[in-house]
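Dear colleague,

Please find below the structure I am handing over to you, together with its sequence. My notes on it follow.

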Amino acid sequence: MSRRESLRSVFVLISVMAMLAAGSAFATIGDAASGDIDVFDTNAEFVAVTGATAIPWVADADTALPSKPFGALLDYSCDKPSITTPGGHVTVTNPSGNWICYIGPDWGASLANTNPKPVVPTIVNNGEDDYEVVFTLANPAHAVGLDLLTNDKASETLTLTFSDGDEYIILDGDLGTDPNTHDFVGFRSLKPIVSVTLDTTDGWRQNEGIAGIWTSPYYTPPTTSCPSGQHYVSSVGSGALTPIVTHPAAAGYPYDLTTTGTFFAGGTYVWDIQADAEYSQDAWQRANLMPWTDLVNKYEGYGEGLLEMTVDGGYVEWGAFDASHSYTIPSYQATGPLEFQIYDVYAQNNTGGMCVAVEPVALRSLHGGGQLITESLDDWDKQPYKVSFGGYIDDIDGALDCEWQLNVHNVSGTDLDKTKFHGTTCTSFNTWGPDVQSLADGVANLTVLGTWNGEPGYRAIFRMEDRTEPSDLDTFRVTVYHGSDVVFESSVYQGGDFPMDSNNIGGARTLLDNGNIQMTFHPFYFN
C-alpha cells in the first residue's frame, strides 16, 4: 500500500487541541526542526501513551560497581567515567570524567548531601550532577522517561539529540520538577532520540540523581525473520499478490494458530502504516495518540481484511488488540494443508512480514498411571502382588504419539518379578467416549510395541477406563505378548492375579489402588 502525505501541520494543531480537551498531564512543545516534543510529568500517563517500559536496573547499590572511593560511607559503589545498566540498554556518563556512582537507601551521607534519601539504587556524580544518557540498543528511542531524585534547586535543562544529529533543548520551565523529592519527567518525539543530556543546578552541593529510566523504541522494527519451527509470511509482493505459505495438516484435526510481529505498508518511514495480523496504525494515529484499528485509516473502503493475515484464503478473527502483536486462534479445524497470506492491494513497497506458529492439538488423549495391589495367594509370600504402569497416548496431527511402561514388582511365581515392558510405538488406539457409554469419561484399549527387559519384539495391549473422579474408580488391565505367546496378564479373567472390577465396556479390568487415568476428547472428534 502506497501512502505519502505531509501531515506535520495537522499533527501540531490536532495534538495540542486533543491535549487541551482531555486535560492530559503533558504538554506539546517544539518546532518543525525538532519534530514536536510531548513532555509528561506523570509516569502512569507516559507509559500509557508511549508504551515505554523500565530498563533493567541494579538491585544493590553496594555491589553494583567495582570501586568505593569515599571510605566508610555506606551503601554505594562507583566507577569512572561511565556506567552501563544491566543488559547494556543505556550508558550514563559523568561529563567531567569523575566518579559516577550508585547510592542506595542506606547511603551514609547526611540530608545536606542527598535529600531525600534514595529508595532504590540511584545514579549520582562526584561533583556537578550532570549526565549524558546514551541509548545503546539497536534502535533509537521514541520516548524516554527519567525518575529523578531532585535537590533543593530542582532546576534542570534537558538536551535531546536525534539520530540525524539535530538537538532540542527542554528548559526547566517545561519540566516543572519540584525540589527535594522523587519526581518524573518523560518526553516523546516524532524524531528518533539517540541520547539525552541532563544539566542540573547546584548538583555539586546537593546530589541530584537518576533512579530509573523508561524507554520505548522509535518504532517496532518490522519482522524479517522467525524463530526456528515457525513460518515467515512476507508482506512484500506485487499488487494484491503476496506469498502464500503452506503448513502440512491433517483434515479434521485441530491446530492452535499463533501470529506475531508487524510489517509496514509502504516501508519504514515515519508516516507509513504499521500492521499486525488484525490491526493497523498509521502516522496520524501514532502522532495523535490514537489506538490501532481494525479498519485501515483512510482506506476503510477496502474493509477489515486489508493488511490482515488470512488463513486458507479467508479472513479470520484474531481477537482483541494485543500491544505485543501476538494473537492465537485455538483449535482451528484443518480441511487439509494450512495456507497463510497477508492481504494487501499494493504490496510492492511493503517491508517485513509476520511469523506463524502452528501447534497441533490432540483429537483424543489418554494420560495417566498407577498401581494394582492385591493380597498374595502364596502362604510363604508376605508381599502383596503389585504392578505399576504409566504413560500417555495422543491422537495428534493425524498420527499416534505415545510412550508406556509396565513394571512388574511381585506376581505369582518368581520369573516375572522385577521385570518391565517399555514401548514408544502405538499401532492402535480404540476409544469409546461418554457419548457411547455413560459410566465413564472414556474407555480405551491401545496396542504398544516395545521391549521386555530391553529385549525387542514384544507387544502390549493396555485397557483403561477413566471413571470420572475419584480416581480409585478408574480401571486398568494389561496383556503382554511375545509373538502369539502371552508373557504377562494382569486380570484373573485370563489367569492373572488381579480381580475383575469393571462393569463398563470390557469387564475384566481392575480398579486402581493408586494413581489416576485421564481421557480427553476434542469436540471435533465427535463431529
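To begin with a point of backbone geometry: which residue just after α2 takes a positive phi? The residue is Gly 51, whose phi is about 70 degrees.

Please note that this is a predicted model. The protein chain has an average pLDDT of 87, and 87% of its residues score at least 70. Residues 1-24 have a pLDDT below 50, and this stretch makes 52 contacts in the model beyond near neighbours in sequence.

Helix α2 itself spans residues 43-50, and its buried residues are Glu 45, Phe 46 and Thr 50. These residues lie on the same side of α2 because they cover an arc of only 110 degrees around the axis. In general, residues three or four places apart in an α-helix point the same way, so the 3.6 residues of each turn set the pattern. The face of α2 turned away from the buried side carries Ala 44 and Ala 48, which are exposed.

I also examined the second largest pocket, which holds about 190 Å³ of space. Its lining consists of 17 residues. Those nearest the centre of the pocket are Trp 107, Asn 113, Asn 125, Asn 126 and Asn 207. Sorted by class, the lining of the second largest pocket comprises 9 nonpolar, 7 polar and 1 charged residues.

With kind regards

Note on methods. Residues numbered from 1 in each chain as written. Predicted model: local features only at pLDDT ≥ 70, side-chain atom pairs only at ≥ 80, totals over all residues. Heavy atoms only, no water. pLDDT = per-residue confidence, 0-100. Contact = heavy atoms within 4.5 Å. 1 Å grid on protein atoms, 1.4 Å probe; cavity = no way out; pocket = protein on both sides within 12 Å on 5 of 7 lines; lining within 4 Å. Points joined across faces, edges and corners; volume = space filled by probe spheres on them. Nonpolar A, V, L, I, M, F, W, Y, C, P; charged D, E, K, R; others polar. Buried < 20%, exposed > 50% of the residue type's maximum accessible area, 1.4 Å probe, protein only. Helix = DSSP H or I, 4+ residues; strand = E, 2+ residues; numbered from the N terminus. Arc of directions from axis to C-beta.
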